[in-house]
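This report describes the sheet, the ligand shell and an annotated site of one model, shown here with its sequence.

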Amino acid sequence: MKIFTADQVRAADAYTIEHTPITSLRLMEKAATQCTQWLIGRYGAGHSFHIFCGAGNNGGDGLATTRLLQQHGFEAKAYLLHYTDKFSADNRANQAALRGGEAASLIMLQPEDAFPELPTNAIIVDALFGTGISRPLEGLVAQTVQHINALQDQYPIIAIDLPSGLKADESSKDLLTVEARHTLSFEVYKLAFVLPENAARVGEVHILPIGLHRDYLTQTPTRYQVVDMEMIHRIYKPRLPFSHKGTYGHALLIAGSYGKIGAAVLSAQACLHAGVGLLTVYVPECGYNIIQSTVPPAMCLVDDGGQQSVQFHEAVTADGQGKYKTVAIGPGLGTSGDTAKAFEKLLQRYHDPMVIDADALNILGAERYLLEQVPKHSLLTPHPKEFERMFGPSGNDVERLEKLSAAAQQYSLYILLKGRYTAIATPEGQVYFNNTGNAGMATGGSGDVLTGLLAGILAQGYSPEHTMILGVWLHGLAGDLGAAAMSQEALTASGIVRFIGPAYLEIAGAK
Ligand SMILES: NC(=O)C1=CN([C@@H]2O[C@H](COP(=O)(O)OP(=O)(O)OC[C@H]3O[C@@H](n4cnc5c(N)ncnc54)[C@H](O)[C@@H]3O)[C@@H](O)[C@H]2O)[C@H](O)CC1
Ligand SMILES: [K+]
C-alpha cells in the first residue's frame, strides 16, 4: 500500500472530483460514513460520541460524522472550536446540516469556555485538524488538545485522518498533538503513521476506503510504501514439482563464537526453515558439536582460530566463484581484530550480495572504509543502535529515514532499520515499511533468526529486494503467529523459528 504525502492526498482528492461525478461535499460524506460505520462497529450501543471539530475539512468530517451517528440512533455531540471565523465551505454546509437536525448537538466552544463535562460512556473523536495543519497548535486548540490527552486513560480517543497537530510528512517530534488510541485515515497510509516517535500519538491505524480515483492511486509514484499481502503474493514463488535441493541454493552462514554459538544455531535453523537447499555453518571449534547435534540438516565447517573465527575467508575460493550461492555473516561472530581482518579478506573475495548482521555490522561501524567494499546489493540488517554506529546519530525519525535512504543509495545496498514498522531502503531510493511483528519479538536472538531467514530466501534465487521484503514480512508474521499461540511474553527466538512454516502456509493459502 502506498504512502502518500499530504500534497498527493489533496491531488488525489482534486483528481477524483474532476474525473468522477462526485463533489467535494459528497467525498466528505463518504469519509464520514466510513468513520461512522467504524465507530458503531467498534463501540456500538451504550456509548455517546463527543466530536471535537476544527474549522476546516477535517472539522467537516467530524460534523458530518456527528449527524450520521445521530441518524443511526446514537447520542452524538459536535463541539466546534471557535478560534476563527474562516470555516471551509464544506464545513459550513455540514454545520447547517447538523443544525437542521437535533437541537443542542452542535456546541460552539469559545476560548473562555471550560472544557465540557463528559459522561462516563463517552468516546472522544478528534476532528480538529488533518492534513491541513501548517503551524503549531496554540490558544483554544492547544488547550483543548491538552484536555483531551489528559483524559486518554478514561476515554478512548479516536482521531479522524490524523491526530490533530501531527504533520503527515515531517517530524512532529516536539510538537503538541492529540494522542489517539485509534486513527481512522482515508485510502492510503501517511508517513507519520510509521515513524517510531509517533507510536503513542497514532495508536492503531485503520485505513478506510472513500472511493478516491483508482487511476490516481495506481499511477502516482511514491517514495514510501507499506508492504501488504498483495505485494507478498507478487513476490512469493511456490516450489516447482520437479525441483531438487540444488534448485534452492547453498548458503554459507558464518556465525557464533565462544558463549554465542546459540546465535549460529538460531540463524541456521531459520535458514533451513526458509527453504534453503543446502546449508553450511562456519563456526569456531567450540561450536562443532553443538551445530552437529542441534541442526542436523546443516553441514559444519570449523575454524581453528580459538574462541572466534578468524579464517572464514578461506571458505570461499579466492575468485569468489565457489559453491555458495549466498553468504551470511555476523550473528554472535565477535569483533576481535583478527575476525575483522578475516571479514575484510572475505569482502575482497566474495562479490555477490551477502547478508550482513550483528557483529559484522559492528566491524563495519568501526572500520567505515569497509562499507565501500561490501558487495553491491548486499543486505544489511541493523537495529537502531547498530545503525547509529555506522551512520551517526539523527535528530528525529525523519532525519534518520533520510540517512538510511541516502546510505542505501550511496553504497548500493539494501539496508533495513528494525522497528515496529521495519524500514527497508533500496539503492534506488525507495523505502518499504513492514507491518507484521509485535513487541514479543523484542527478545534475544530474534535478529539472528531474521539473518538466517534472509540468507535462506536469497539462496533460493529471490532478488535482494524481494528477499528483504519477503524475509522481514515472514519474520514478523512468524512472530505474530507465535505470539497468538503462546503470548508475546513467552515468545522466544526459537518460537519464531517454529512459526516460519505456518507463516509460509498463510501466504500459500491466501494465494
Ligand atoms: N481525500 C481525502 O483524504 C479527504 C479528506 N478530507 C478531510 O479534509 C482534511 C483536510 O482538510 P483541510 O481543510 O485542508 O485542512 P484541516 O482541516 O486539517 O485544517 C484546516 C485549516 O486550518 C488552518 N490551520 C492550519 N494549522 C493551524 C493551526 N495550528 N491553528 C489554527 N489553524 C490552523 C489552515 O488554514 C488549514 O487549511 C483531511 O485531513 C480529511 O480529514 C475530506 O473530508 C474528504 C476527502
Ligand atoms: K484529526
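An open sheet of mixed pairing is formed by 11 strands, in the order β1-β9-β18-β17-β16-β15-β14-β13-β10-β11-β12. Strands here are DSSP E runs of at least two residues, helices are H or I runs of at least four, and both are numbered from the N terminus; two strands pair if DSSP finds at least two bridges between them. The edges are held by β1 (2–3) and β12 (299–303), and each has a single partner strand, so one side of each lacks a neighbour in the sheet. Within the sheet, β10 (residues 250–254) runs parallel to β11 (residues 278–284), with five bridges between them. One of the residues concerned is A251, whose bridge partner in β11 is L279.

The model is predicted: local features require pLDDT of at least 70 and side-chain atom pairs pLDDT 80 or more, whereas totals for chains, interfaces and linings use all residues. Residues are numbered from 1 along each chain as its sequence is written, while chains are lettered from A and ligands numbered from 1 in the order in which they are written.

The chain contains 18 helices and 18 strands. Its C-alpha atoms fill a box of roughly 85 × 45 × 45 Å along the principal axes.

Ligand 1 is surrounded by 27 residues, with G56, N57, N58, G130 and G132 the closest; the criterion is a C-beta atom, placed from the backbone, within 6 Å of the ligand. Two or more shell residues come from each of α1 (6–19), α2 (24–43) and α3 (57–71), and α3 gives the largest share, five residues.

An unreviewed UniProt entry places a "binding site" feature at K418, G419, R420, Y421, T422 and G447; such annotations may be inferred rather than shown by experiment. R420 is found in the loop between β16 (414–417) and β17 (423–425), and T422 also lies in the loop between β16 and β17. The table sets out both residues, with contacts up to four places away in sequence left aside.

| Residue | C-beta atoms within 10 Å | Class | Contacts |
|---|---|---|---|
| R420 | 17 | partly exposed | P196, A199 |

Methods:
A residue is buried if 20 or more other C-beta atoms lie within 10 Å of its own, exposed if 12 or fewer, and partly exposed in between; C-beta atoms are placed from the backbone. Two residues are in contact if their C-beta atoms, placed from the backbone, lie within 7 Å.
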